[in-house]
Amino acid sequence: MDSLQEFDSTSIALPLTSTTGNTTATVASSSPISSTSNLSRYENQKRRDWNTFGQYLRNHRPPLSLSRCSGAHVLEFLRYLDQFGKTKVHTQLCPFFGHPNPPAPCPCPLRQAWGSLDALIGRLRAAFEEHGGKPENNPFGARAVRLYLREVRDSQSKARGISYEKKKRKRPPHQQQQNPALVMAPPPASATTDTSDDHEFELLAA
């Protein structure tokens with residue numbers, strides 16, 4: 001990982017608490033608007049996520065370099081982000097557990113939604129390799145991270161009473177024609193669009 005580039009100094013203003021929980025540090029340098037005006041929404045979000053993770057590593061106690069970051073540190077980061085979540089996740093003792101539309105408020109905790117975390121990891125995984133990281137050393141693609149995201153998906157699906165399974169697009173029924181020579185093959189079905197990247201990370205929403 002000798003060619004792995006560390007984070008740049010430009011980032012968004014974001015309060016980050018050190019993992020010791022004793023101090024709070026705020027980094028408030030902002031990226032020039034001109035440098036991101038030509039980037040897509042996805043690329044802008046990926047850049048913000050990348051710099052936010054860099055802030056987290058710098059505020060870690062002890063500070064961590066990107067080259068020493070592992071899947072365990074990524075899991076630590078994801079758990080840390082839950083304090084900024086906006087998604088109500090009911091506990092098993094809550095009367096609204098498994099209820100997709102609770103009729104009343106409850107004291108259950110707010111968490112980062114699975115879709116937001118899944119999209120975040122996808123962007124960070126791509127950014128890591130774009131900055132010179134090797135795929136086999138990518139901490140965002142670690143097995144422990146994949147298992148954690150699957151666990152979050154399953155637990156939130158049960159707690160919120162919703163399904164995260166993608167709906168398969170149905171092909172229209174094939175119409176038989178009398179003349180076999182005139183039967184045309186149906187056009188190939190387009191791949192189901194992955195909308196996970198549409199979940200803008202709650203902590204970084206503009």
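The chain exposes about 12900 Å². Carbon and sulfur atoms supply 53% of this area. The model is predicted. Of the 206 residues of the chain, 35% count as buried.

The chain contains 5 helices and 4 strands. Along the sequence these elements follow the pattern β-β-α-α-α-β-β-α-α. Among contacts in the chain with a separation of 6 or more, 68% come from residues 24 or more positions apart.

Confidence was examined next. The mean pLDDT of the chain is 75, and 61% of the residues reach 70 or more. Among the elements, helix 4 (residues 114–130) has the highest mean pLDDT, 96. The lowest mean, 38, belongs to strand 2 (residues 24–27). Over residues 7–36 the pLDDT is below 50. Beyond near neighbours in sequence, this stretch still has 67 contacts in the model. A further stretch, residues 180–184, stays under 50. For residues 180–184 the model has 4 contacts beyond four places in sequence. Where pLDDT is low, predicted coordinates should not be read in detail.

The second largest pocket has a volume of about 250 Å³. Its lining comprises 16 residues. Of these, V89, R111, V152, S155 and Q156 lie nearest the pocket centre. Helix 5 (residues 143–160) gives the most to this lining, with 6 residues. By class, the lining of the second largest pocket divides into 7 nonpolar, 5 polar and 4 charged residues.

Terms used:
Residues numbered from 1 in each chain as written. Predicted model: local features only at pLDDT ≥ 70, side-chain atom pairs only at ≥ 80, totals over all residues. Heavy atoms only, no water. Helix = DSSP H or I, 4+ residues; strand = E, 2+ residues; numbered from the N terminus. Buried < 20%, exposed > 50% of the residue type's maximum accessible area, 1.4 Å probe, protein only. Contact = heavy atoms within 4.5 Å. Areas by Shrake-Rupley, 256 points an atom, 1.4 Å probe, with all protein chains shown as cover. 1 Å grid on protein atoms, 1.4 Å probe; cavity = no way out; pocket = protein on both sides within 12 Å on 5 of 7 lines; lining within 4 Å. Points joined across faces, edges and corners; volume = space filled by probe spheres on them. Nonpolar A, V, L, I, M, F, W, Y, C, P; charged D, E, K, R; others polar. pLDDT = per-residue confidence, 0-100.
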